[in-house]
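Hi,

Here is the model I promised to pass on.

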Amino acid sequence: MNQARLWYNGPGAGWKQGLPIGNGRIGAVIYGGAAQETWSMTELTYWSGKPERIPGSGKGKAGLEEMRAAFFNGDYNEGDQLAKQMLQPKKQNFGTNLSVCDVELRFGPEGEELKRELCLESAIATVSYTREGSSFIRETFATHADGIVVSRIKGEQPGGISFSLSVKGRTGHFSAIATNDDTVAFYGQATEDMHSDGSCGVFCRGQVKIVPVGGTIRSSGSEIIVTDADEATVYFAIHTDYRQTDDEWTTRSTKQIAEAIAKGYTQLKADHIADYSALYARVSLDLGDTEHDKLPTDERMRRLQKGQQDDPGLIVLFFQYGRYLTIAGSREDSPLPLHLQGVWNDGEANRMAWSCDYHLDINTQMNYYPTEISNLAECHVPLMNYIERLSVSGRDAAQDFYGCEGWVAHVFSNAWGFAAPGWETGWGLNVTGGLWIAMHVKEHYEYGLDQSFLTKQAYPVMKEAAAFFLDYMTVHPSNGWLVTGPSNSPENSFYTSKRSEGPQQLSMGSTMDQVLVRDLFSFCLEAAELLETDLELQEKLRAAIALLPPLQIGKNGQLQEWLEDYEEAQPEHRHLAHLFALYPGNQVTPHGTPELSAAAEQTLIRRMTDELEDIEFTAVLFATGFSRLFNGDRALRHINHLVGELCFDNLLTYSKAGVAGAETNIFVIDGNYGGTAAVADILLQSHAGEIHLLPALPAAWANGSFNGLRAKGNAEVGVSWEAGILTAATIHAHSAVQVNVRYGDRTVTIACEAGQTYGLDANLRLIDHEATAK
């Protein structure tokens, strides 16, 4: 079976054919072949820019009143102009994550029978080939256990290994020099002049060291040359001064490599596999074997592009690849969370108006969609820590721009917690961007039920977010609803009744804002009641919840995206922010709100025009939307489209050229993570107060099984099915809770004890334990 490895015949011509590895801080994309190999190296904290407090207009709440009066009076152009004057800062030194360098290895003549492979079970990238009848193999991995990248180069014949190695910087402020015959030391600063002024950014230091067995090794300039060795091991380490308080970071790479050499390659590899597989091995998925499992990955993708959808193993591979990429990019001790490109970076987004940053209007959120359900809760921790830091800088933004208590962040953020609006109100005034990302705090708690996390981190962060919205929101003069605004529905636009005035982007009380605020207030109220604290706040929250607008259905049967039933200026728009209520939220569910569910379905159908902005995260939004509507066949159609049409040969997802200013097909990793979440959601849902087994099983997945997927309420679930019908299930409870389990129209309630496993048959009859069937 090839459901646990990507593999290819022939060399990887460039980055888009390269194989990604990572240890939660360092990333590498490895491409090339027998004659040469390139490691494109990245590091999560290698950011240009610097921390800055962005000044507001100083008008605070008085300014808000002016803007709101214009919008309530129907003068949208006037409201927009006032917003630009008071809530649109100038672009300063926001910065971007940058690639660090390329490690280039040259081996001489080409080989034969070349095969490249990335094993998902061991997180090791391998290149094997023959030359003049002798076999060669190179295996490379990024070890989290030891914090470095390691590669062993080995030949079948003694003395068969000869190559050279050099390091080339990817930024202007970079230098590399051979410090002795076996080591290249490098120094750099993350600078660029598109997203900052070209003078500010973090500094890095690192080294590459080669340890050969036999043969000779020497340096020439900045190059290391190995001749006639039996084998050689290459060690790469890097650190930056990001958030460092002393100079210890400057010598850390040298120490790590020395410790790794002392440990030895065999032990390094064993420790790496043990550390990695402890996470990866938690979840298994089987959708059946076919003869196509024997094909190279790129050939399987070509078949899918041609409409041959008879390879469910490719979807399994994509699913497990997403889990692999999560582990490779985001570990419990990662200094930052996954950015627009995870922990990797091909440099394309940095050369245009985009930035390789933390987009808070879908991309960063989607990066972490699969983390909890795919049993990688520890990988969520860097985002929890980042949100906590964002809430601190967000207090300045709340005061500077709105004169309000609590904290706020908008459309994007950076390594230092940028929280101000973006520098164009049309897309930058997303007042619930910070709240949207903070919803992951809520999700992390709901899956794990960790009371300590709730008390120390989740509730304090969310309570301060609630403080902002309680202070910031206003009562609509016409309907008495408590609304946000001015703000946008991320990056979308509409026409008012004065269509001649052109498309508008700002309004009062967009649906996305209201959905998020309702979830925020409800979570804070429930948490305060559970923790028996903040009685006065509880009363404020109850009163505010009662005034929030309801979800509404528009004249075309769609779920309204704005408070008013405006005409969409761009019906084909890539964003579907208001469908947060459907996924990952639960304010819209087929069983609980059938009319709103029908409206959500109409929204999805109406958005699928011939001119649809067809990009990776939109495909995911369609897949998860239809999954939540229990339409597995349509959900799978969009997953197949994502894998077959919106992935490079290395299965990394991209945003098509021409969309949102993209100058070429731009690598954006959220499609990998979102697609993984969509596959899991088809098989298991737990967002509506019950564990729902096989809620949207497509006909193409007639037989299969999974084990280890995680449900809210701190439980792990296993399921098997045949001919599309459940055959058995297990629920393993990690907490003492009562759970409702659903399959089709059947439900069963189980009073779970922590540490116990409960077996269910095809009719949800409990095996060996008592339960109340319904």
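Quick one to start: is Y566 buried or exposed? Y566 is buried, at a relative accessible area of 11% (buried is under 20%, exposed over 50%, partly exposed in between, with a 1.4 Å probe and protein chains only).

Before the rest, some housekeeping: this is a predicted model, where local features need pLDDT of at least 70, side-chain atom pairs count only at pLDDT 80 or more, and totals for chains, interfaces and linings use all residues. Residues are numbered from 1 along each chain as its sequence is written, and side-chain values use heavy atoms, without hydrogens and water.

There are 37 aromatic pairs in the structure (Phe, Tyr and Trp rings, the six-membered one for Trp, with centres within 6.5 Å; planes under 30 degrees apart are stacked, over 60 edge-to-face, the rest tilted). F494 and Y566 have ring centres 4.1 Å apart and planes at 15°, so they are stacked. Since F494 sits in strand β22 and Y566 in the loop between α13 and β23, the pair ties together parts 72 residues apart in sequence (helices, H or I, of at least four residues and strands, E, of at least two are DSSP runs, numbered from the N terminus). F494 is buried too, at 0%.

Elsewhere, ring pairs join W47, Y242, Y358, Y386 and W416 into a cluster.

Two charges also sit over rings: R68 over Y472, and K115 over W7, each 4.8 Å from the ring centre (NZ of Lys or CZ of Arg within 6 Å of the centre and within 35 degrees of the normal).

Cheers
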